[in-house]
Amino acid sequence: MEEGTKSKRTVYIGGLGEDVDEAFIYETFSTFGTGDIIEVVLPGPANPNAFQQQTTQAKHRGFAFVTYGSTADAQDAIDNMDLNELKGRVIKVNLAKPMKGLLSGPVQNRAIWESEEWLQEHVKPLAQSGGVQGRGTEPDGEEDANDDDAMEE
């Protein structure tokens, strides 16, 4: 099966409450169209380790994907369920967009050094790294007179 075709048959459902599970989504969304639902995916927490300290763990991330057998069935679900109420919450239903980039890790649009974990692991305080204080002095403590023309030959 071609990936582009699958994306046109997969719908995104956002705004789900924690009391919703895959069986409930299947039951609710199977009424649309004439074909069968191929797959229901309810992604779990993004970082399960972050939730270990909490007493109540999140069951899922508040959204799901439903893949239909045909694009017409997917469009029927979007037309009938978008901005409707499901278990007391207004949901958003539209065509799922394929992920950009490689699936090897989390896709983010920010520099790696903006992550606190990366900073703690790789960055030293200026006093230890010889940063700003270490510039302009030689190891014996004398000023470096050749700094200005270091690039010139």
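**Entry 1: ground rules**

I count helices (H or I, at least four residues) and strands (E, at least two) as DSSP runs, numbered from the N terminus. With that in hand, I looked at what comes after helix H3: Leu83 follows H3, and its phi is positive, near 65°. I will come back to Leu83 in a later entry.

A note on the source: this is a predicted model, where local features need pLDDT of at least 70 and side-chain atom pairs count only at pLDDT 80 or more, while totals for chains, interfaces and linings use all residues. Residues are numbered from 1 along each chain as its sequence is written, and side-chain values use heavy atoms, with hydrogens and water left out.

**Entry 2: the whole chain**

I found five helices and six strands in the protein chain. Read from the N terminus, the order is α-β-α-β-β-α-β-β-β-α-α.

I then checked burial (buried is under 20% relative accessible area, exposed over 50%, partly exposed in between, with a 1.4 Å probe and protein chains only). Of the 153 residues in the protein chain, 24% are buried. The chain exposes about 11600 Å², and carbon and sulfur atoms supply 49% of that area. These areas come from the Shrake-Rupley method with a 1.4 Å probe; for residues, only the protein chains shown count as cover.

For contacts I used heavy atoms within 4.5 Å. Among contacts in the protein chain with a separation of 6 or more, 64% are between residues 24 or more positions apart.

**Entry 3: helix H3**

Which residues of H3 are buried? In H3 (residues 71–81) I listed Asp73, Ala74, Ala77, Ile78 and Met81. They lie on the same side of H3 because they cover an arc of only 140° around the axis. The arc is that of the directions from the helix axis to the C-beta atoms. A reminder to myself: an α-helix has 3.6 residues a turn, so residues three or four places apart point the same way.

Ala72 and Asp79 are exposed, on the face of H3 turned away from its buried side. The buried residues of H3 pack against strand S1 (10–14), helix H2 (22–29), strand S3 (63–68), strand S4 (85–86) and strand S6 (92–95).

I zoomed in on Ala77, which sits in H3 and is buried at a relative accessible area of 0%. Leaving aside neighbours within four places in sequence, Ala77 is in contact with Phe29, Phe32, Tyr68, Asp82 and Val93. For Ala77 and Val93, I noted a C-alpha to C-alpha distance of 7.9 Å at 16 residues apart in sequence.

**Entry 4: helix H2**

In H2 the buried residues are Ile25, Thr28 and Phe29. Seen down the axis, they fall within an arc of 85°, so they line one face of H2. Ala23 and Glu27 are exposed on the face turned away from that buried side. The cover over the buried residues of H2 includes S1, strand S2 (37–41), S3, H3, S4 and S6.

**Entry 5: charges**

How many salt bridges are there? With a salt bridge taken as a side-chain nitrogen of Lys or Arg within 4 Å of a carboxyl oxygen of Asp or Glu, the count comes to one. The side chains of Asp82 and Lys92 form it, at 3.3 Å from N to O. Asp82 is in the loop between H3 and S4 and Lys92 is in strand S6, so the pair ties together parts ten residues apart in sequence. Asp82 is partly exposed at 24% relative accessibility, and Lys92 is partly exposed at 35%.

Next I looked up Arg9, in the loop between helix H1 (3–7) and S1. Arg9 is buried yet has no salt bridge; the nearest side chain of opposite charge is Asp73, 8.5 Å away. For charge, Lys and Arg count as positive and Asp and Glu as negative, with His and the chain ends not counted. The side chain of Arg9 does reach the backbone oxygen of Gly69, at 3.5 Å.

Most residues other than glycine have a negative phi. Back to Leu83, then: this residue is in the loop between H3 and S4 and is exposed, with a relative accessible area of 57%. Lys87 also has a positive phi, of about 55°, although it is not a glycine. I placed Lys87 in the loop between S4 and strand S5 (89–90), partly exposed at 42%.

How values were computed. A polar contact is a pair of N or O atoms within 3.5 Å; within protein, one must be able to donate a hydrogen and the other to accept it, and residues adjacent in sequence count only if both atoms are side-chain atoms.
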